[in-house]
Amino acid sequence: MKIHEYQAKEIFRRFGIPTPEGRLASSADEARAAAVALGGEVVVKAQVHAGGRGKGGGIRKAADGDQAFAVAGEILGRKLVTPQTGEAGRTVRRLLVEQATSIESEYYVGLVLDREASRVAVIASPEGGVEIEQVASEHPEKIFTERVDPLMGLMPYQARRLAYALGFSGKPARAASKIFLGLYRAFVETDASLAEINPLVLAASSQVLALDAKMNFDDSALYRHPEVAERRDEEEEAAWEREAREHRISYVSLEGDIGCLVNGAGLAMATMDIIKHEGGEPANFLDVGGGADAAQVTAAFKLILGDEKVKAILVNIFGGIMRCDTIANGILAAATEVGIGVPLVVRLEGTNVKEGKALLETSDLSLVTASDMADAARKVVAAAKGKG
């Protein structure tokens with residue numbers, strides 16, 4: 001789950017991470033009032049779930065309340081297009097109006113899970129305000145990493161080492177170290193999957209501040225954090241994201257034209273790989289899980305068929321906990337309820353496979369059966385290309 005910058009900053013402040021003073025606004029009048037209350041120059045920042053807002057014109061300065069009113073009127077309600085939103089963009093519904101900061105230097109710091117090391121990694125760079133992927137590609141020598149022992153947590157000496165590596169010294173170094181320690185606590189104690197400050201800045205006043213804030217969370221852990229879950233903004237989510245969450249389906253939209261309905265993440269990944277091996281492109285990752293029922297299977301078909309790019313569908317099921325006859329009933333229910341107007345290739349193996357195949361064979365549904373994964377991939381790729 002993603003949250004907005006202003007929400008991430010609320011969490012940051014709980015963990016002792018200083019941020020500029022700011023006010024939330026959802027209208028031009030509220031933006032003017034916020035600017036007047038803050039006094040002096042302010043920064044008006046679009047609140048959408050995407051990076052690169054500045055490049056898209058979503059972060060602008062205002063000298064006073066009247067200018068904040070004008071800027072807010074130009075940003076609110078518009079489609080903000082950034083490198084992360086794609087051409088569709090995101091509608092701006094809220095603004096964060098913050099006191100402007102006189103900046104001397106910008107830095108990057110972020111926490112992610114290093115899956116190879118099975119540890120949280122604290123990544124820092126003196127190249128703040130730039131996408132960290134770009135820095136890693138062009139200037140890998142400017143990336144500094146501390147991997148954290150899960151039993152000990154981020155140690156003060158590690159935080160100091162990062163601060164010195166970034167070029168901090170004296171009081172700012174101590175302030176930066178404190179921020180790194182607070183960011184680690186925020187990451188761990190909220191079950192975050194990402195915590196990022198870009199940029200972290202050294203202000204002219206020698207203060208070290210989180211000028212931006214980004215946090216993503218592990219959906220599976222949200223039941224432990226109702227105060228985080230209540231920050232979900234469904235208006236920022238695509239309809240398919242809401243539908244998938246409601247039916248407990250793991251679904252990710254991709255750019256291809258072959259829809260995939262699979263049980264198990266590993267099998268889903270393998271299915272996408274073999275489709276690509278046969279010259280096709282998957283339209284999605286979709287894992288209905290090991291215990292899905294016919295209603296979830298029907299919902300999965302709706303998700304797939306809601307993608308206009310899909311030209312064929314591959315159902316690839318290995319029945320363990322998930323029974324093949326359950327999948328077959330779900331296919332038939334989906335065909336009745338929503339219609340399956342594209343070629344359908346089905347490969348079933350495992351528990352109740354005979355019953356599942358019998359249900360499909362005796363139905364009026366037009367489909368192609370496959371003997372194994374390679375056969376299924378070849379047939380669905382051919383179907384998507386109009387050769388099936």
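Me: Which residues is Arg231 in contact with, leaving aside its neighbours within four places in sequence?
Reply: Met1, Ile3, Gln7, Glu10 and Ile11. Contact here means heavy atoms within 4.5 Å. This is a predicted model. Arg231 itself sits in the loop between helix 7 (226–229) and helix 8 (239–246).

Me: Why is Arg231 called buried?
Reply: Buried means under 20% relative accessible area. Arg231 has 15% relative accessibility, so it counts as buried.

Me: What makes helix 1 (residues 5–14) largely enclosed by the rest of the structure?
Reply: Seven of its ten residues are buried, so helix 1 is largely enclosed. The buried ones are Glu5, Tyr6, Gln7, Ala8, Lys9, Ile11 and Phe12. Gln7 and Ile11 are also among the contacts of Arg231.

Me: What follows helix 1, and what is its phi?
Reply: Gly16 follows. Its phi is positive, near 75 degrees.

Me: Why are strand 1 (22–25) and strand 3 (59–62) said to stand at the edges?
Reply: Start with the order. Four strands form an open sheet, 1-6-2-3, with antiparallel pairing. Strand 1 and strand 3 each have a single partner strand, so one side of each is left without a neighbour in the sheet. From one strand to the next, the twist averages 25 degrees.

Me: How do you know that strand 2 (residues 42–46) and strand 6 (residues 95–99) pair?
Reply: Pairing needs at least two bridges. Strand 2 and strand 6 have five, in the antiparallel sense. They therefore count as paired.

Me: Which strands do helix 2 and helix 3 lie across?
Reply: Helix 2 lies across strand 1, strand 2 and strand 6. Its direction is at about 170 degrees to strand 1. Helix 3 lies across strand 2, strand 3 and strand 6. It runs at about 160 degrees to strand 3.

Me: How do helix 2 (residues 28–38) and helix 3 (residues 65–75) cross?
Reply: Their axes come within 8 Å and cross at roughly 145 degrees. The crossing is right-handed. On the helix 2 side, the contact is made by Ala28, Asp29, Ala31, Arg32, Ala35 and Val36. Helix 3 supplies Gly65, Asp66, Ala68, Phe69, Ala72 and Gly73.

Me: How many residues of the contact of helix 2 with helix 3 are nonpolar, polar and charged?
Reply: Seven are nonpolar, two polar and three charged. Gly counts as polar, and Asp and Arg count as charged. Gly65 and Gly73 are among the contact residues, as are Asp29, Arg32 and Asp66.

Me: What makes strand 10 (residues 192–203) mostly covered?
Reply: Eleven of its twelve residues are buried. The cut-off for buried is under 20% relative accessible area.

Me: How do you know that strand 10 pairs with strand 7, strand 11 and strand 12?
Reply: Seven bridges join strand 10 to strand 7 (residues 103–114). Four link strand 10 with strand 12 (residues 214–217). Three join strand 10 to strand 11 (residues 208–210). Each count meets the threshold, so each is a pairing. The sense is antiparallel in each case.

Me: Which residues stand opposite each other in these pairings?
Reply: Ile103 stands opposite Ala203 of strand 10. Leu194 has Asn216 of strand 12 as its bridge partner. Leu202 stands opposite Val208 in strand 11. In the hairpin of strand 10 and strand 11, four residues lie between the strands. There Ser206 takes a positive phi near 75 degrees.

Me: Why are the buried residues of helix 5 (residues 156–165) said to line one face?
Reply: They are Gln158, Ala159, Leu162 and Ala163. Seen down the helix axis, they fall within an arc of 140 degrees, so they line one face of helix 5. They pack against strand 8 (119–125), strand 9 (144–148) and helix 6 (170–189). Just after helix 5, Gly167 takes a positive phi of about 100 degrees.

Me: How many helices and strands does the protein chain have?
Reply: It has 13 helices and 18 strands. Of its 388 residues, 48% count as buried.

Key
Residues are numbered from 1 along each chain as its sequence is written. This is a predicted model: local features need pLDDT of at least 70, side-chain atom pairs count only at pLDDT 80 or more; totals for chains, interfaces and linings use all residues. Side-chain values use heavy atoms; hydrogens and water are left out. Axes are lines fitted to C-alpha atoms, for helices over the stretch in contact, and angles run from 0 to 180 degrees between N-to-C directions. Helices (H or I, at least four residues) and strands (E, at least two) are DSSP runs, numbered from the N terminus. A crossing is left-handed if the near helix is turned anticlockwise from the far one by less than a right angle, and right-handed if clockwise. Buried means under 20% relative accessible area, exposed over 50%, partly exposed in between (1.4 Å probe, protein chains only). The arc is that of the directions from the helix axis to the C-beta atoms.
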